[in-house]
Amino acid sequence: MRRVVFNQKGGVGKSSITVNLAAMSAAQGYKTLLIDLDVQGNSSHYLGFDVNVDNKKSIADLLNQTVGWFSMSTPIKAFPQPTRYEHLDIIPSSPKLEKIESELERRYKIYKLRDALDELANSYDRIYIDTPPNLNFFSKAALIAANKLLIPFDCDSFSQQALLTLLNNVAELKEDHNPKLDVEGVIVNMFNAHAKFPNMIIEDLNDLGLPVLKPYLPLSIKMKESHYHQTPLIHFLPKHKLSLQFQALFHTLEAIKAPSKTDA
């Protein structure tokens, strides 16, 4: 099971959702890999990795070695690194992503991430991919490599327009590159249950036939606190309302299609 978390609009909680779902997956006993394709490295930082330290095992290093004469000199299985949490590994981000993007695109290495994940398929039960907040080379590579797409969504009219644009782009990419990609669901984040407007926007999405997932994730300062402590909510405050909502969301996703632990 390979899930990519993507929205072309920034500020929707993409990295927070990716890390917490991956941490939840690992806590449930699934061998889980998180891949951070965003040059900002928020998911990497959340899990305690300093992206400015060059450890030669970032996602940038993995992709960069596909370019040039000595391609794939380091085995793919050498790149995942253990986190502090059992069953959870990461291939962290790096500032080098920005430097190598044009070269990777020029050489049309758009399928190399998918090839890498194919090699790791038997090592992990679940793979989560965090992406940059725009439709660039890396987000396209992630959409080609994944089989499930989760779309974080905050309830405003700008997000609604961005979502429709995103779905059109995904439909085109699916047709041209990855027919196995399914939109698994829209994750409503930073939800205010006491306001009428968010409910109206969600109703619009339901009317369009979009798979809006429940429960909706409420806005909470505890998320920012967990960022600060570099600790996912399931380990930071496991009994907090937001943590319980993430647990419920994770089980909702698993119930959509529950492959065995040998599936990837």
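Buried here means under 20% relative accessible area, exposed means over 50%, and partly exposed is in between (1.4 Å probe, protein chains only). This is a predicted model, where local features need pLDDT of at least 70, side-chain atom pairs count only at pLDDT 80 or more, and totals for chains, interfaces and linings use all residues. Residues are numbered from 1 along each chain as its sequence is written, and side-chain values use heavy atoms, with hydrogens and water left out.

Start by selecting residues 157–176, helix α7. Helices (H or I, at least four residues) and strands (E, at least two) are DSSP runs, numbered from the N terminus. Now colour S159, Q160, A162, L163, L166, L167, V170 and L173, the buried residues of α7. Look down the axis of α7: those buried residues fall within an arc of 155 degrees (taken from the directions from the helix axis to the C-beta atoms), so they line one face of the helix. Turned away from that buried side are the exposed Q161, N168 and E175.

Next, hop to the aromatics. Rings of Phe, Tyr and Trp (its six-membered ring) pair if their centres lie within 6.5 Å; planes under 30 degrees apart are stacked, over 60 edge-to-face, the rest tilted. The structure has 3 such pairs. Pick F191 and Y216: they sit edge-to-face, 4.9 Å centre to centre with 65 degrees between the planes. F191 is in the loop between β7 and α8, and Y216 in the loop between α8 and α9, so the pair ties together parts 25 residues apart in sequence. Both F191 and Y216 are buried.

Technical notes
Expected span 1.5 Å × (residues − 1).
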